[in-house]
Amino acid sequence: MSASARNISHDRIPLAVVSIILTVLALSLGDALIKMTSGSFVIWQIFVLRSLILLPVLAGIALMLGILRMPAAWGWVTLRSLMLIAMWVCYYLSLPKLSLSAAAAAYYTLPIFITLFSAVFIGDRISRTGWFAVVLGFLGVLLILRPRAGDFNAYALLPLISAMLYAGAMIVTRTRCRDEHPLGLSLALNIGFIIVGGVAAAIILLLPMELRQGFLLSPWTPMGKAEWISMGLLAAAILIGSIGAAIAYQNGSPAMIGAFDFAYVGFAVIWGIVFFAETPDLIASIGMIIIVGAGVLSLRQ
């Protein structure tokens with residue numbers, strides 16, 4: 001039996017689908033919050049403080065479950081964590097510079113990359129129906145977001161790069177980290193956030209004052225009650241997102257889970273209504289229906 005066939009025989013599709021939907025629900029809320037607060041924090045401050053809030057919780061749960069140990073595939077786990085950290089850096093840096101619709105449209109080429117990488121790197125057979133589902137889902141995204149040509153500047157490349165990094169990290173999750181506990185993967189990711197964010201913050205302190213500005217290079221800002229509440233919400237979002245993504249891609253094929261990743265767009269519409277007073281029109285509603293249809297089609301490939 002091939003490696004791909006063995007993977008399929010151990011898949012738990014309902015668990016994978018529920019996990020990815022909860023993941024994109026949490027992450028879309030976190031991303032909306034990042035966009036609203038990008039003028040209040042530097043990206044490295046978010047990384048470090050968010051993960052410092054999470055780490056005791058994750059470590060305590062891991063200790064109770066008896067899984068607080070070095071990952072068996074520690075090299076692959078480290079690579080996965082670095083890819084995801086780079087993904088978040090690229091996407092977060094794009095949010096202050098792009099409209100939400102332009103950033104999301106560029107990022108949601110993600111399922112196309114997952115499908116392509118699945119075929120190239122792990123030999124998944126992608127049927128015509130599978131390819132059609134991916135293209136149909138992307139069409140639905142464009143109908144919802146309808147980004148204007150003027151929105152696409154050099155910063156639009158950042159969410160595109162983040163999509164490729166995320167797709168690669170999820171392929172690594174399925175092929176090299178499948179037997180690692182999702183909680184262990186989340187621990188490794190958040191330790192990585194603290195290390196990378198701490199090193200970056202230290203480097204910024206060595207820069208000339210005139211260079212210390214913007215979402216990437218500003219010094220840390222003082223924290224009041226509202227800022228700590230925001231950080232707590234971001235910590236909760238990344239906790240659900242990091243564990244949920246690991247569970248989803250360990251238990252379902254990347255191509256299929258990638259199609260359900262499009263649910264992010266529906267949640268983004270909801271947060272747009274709640275936070276930015278954006279109401280979807282008829283065309284956007286049709287786009288959401290198309291995305292749901294694409295997810296159903298992906299199950300039949």
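A crossing of two helices is called left-handed if the near helix is turned anticlockwise from the far one by less than a right angle, and right-handed if it is turned clockwise. What we have here is a predicted model, in which local features need pLDDT of at least 70 and side-chain atom pairs count only at pLDDT 80 or more, while totals for chains, interfaces and linings use all residues. Residues are numbered from 1 along each chain as its sequence is written, and side-chain values use heavy atoms, with hydrogens and water left out.

The secondary structure of the chain comes to 14 helices and 0 strands, where helices (H or I, at least four residues) and strands (E, at least two) are DSSP runs numbered from the N terminus. Of the 301 residues in the chain, 52% are buried, and buried here means under 20% relative accessible area, with exposed being over 50% and partly exposed in between, for a 1.4 Å probe and protein chains only.

Let me turn to one pair of helices. Helix 2, residues 13–37, packs with helix 11, residues 225–251, at an angle of about 150°, and their axes are 7 Å apart. The axes are lines fitted to C-alpha atoms, for helices over the stretch in contact, and the angles run from 0 to 180 degrees between N-to-C directions. The two helices, helix 2 and helix 11, are therefore roughly antiparallel to each other, a word kept for angles over 145 degrees, while those under 35 count as roughly parallel, 65 to 115 as roughly perpendicular and the rest as oblique. Helix 2 passes helix 11 in a left-handed crossing. In this contact of helix 2 with helix 11 there are 18 nonpolar residues, 8 polar ones and no charged ones; Ala, Val, Leu, Ile, Met, Phe, Trp, Tyr, Cys and Pro count as nonpolar, Asp, Glu, Lys and Arg as charged, and the others, Gly among them, as polar.

The largest pocket holds about 420 Å³ of space, and among its 23 lining residues Arg-69, Pro-71, Val-77, Gly-184 and Ala-188 are the closest to its centre. Helix 9 gives the most to that lining, with 8 residues, and by class the lining of the largest pocket has 15 nonpolar, 5 polar and 3 charged residues.

As for cavities, there are 4 of 30 Å³ or more. The largest cavity, with about 130 Å³ of space, is lined by 13 residues, and nearest its centre lie Leu-27, Asp-31, Tyr-107, Tyr-108 and Tyr-264. Helix 2 gives the most to the lining of the largest cavity, with 4 residues.

The second largest cavity has a volume of about 70 Å³, and its lining includes Leu-27, Arg-80 and Trp-88. Which helix supplies the largest share of the lining of the second largest cavity? That share, 4 residues, comes from helix 4, although helix 2, helix 8 and helix 11 each supply at least two residues as well.

Note on methods:
1 Å grid on protein atoms, 1.4 Å probe; cavity = no way out; pocket = protein on both sides within 12 Å on 5 of 7 lines; lining within 4 Å. Points joined across faces, edges and corners; volume = space filled by probe spheres on them.
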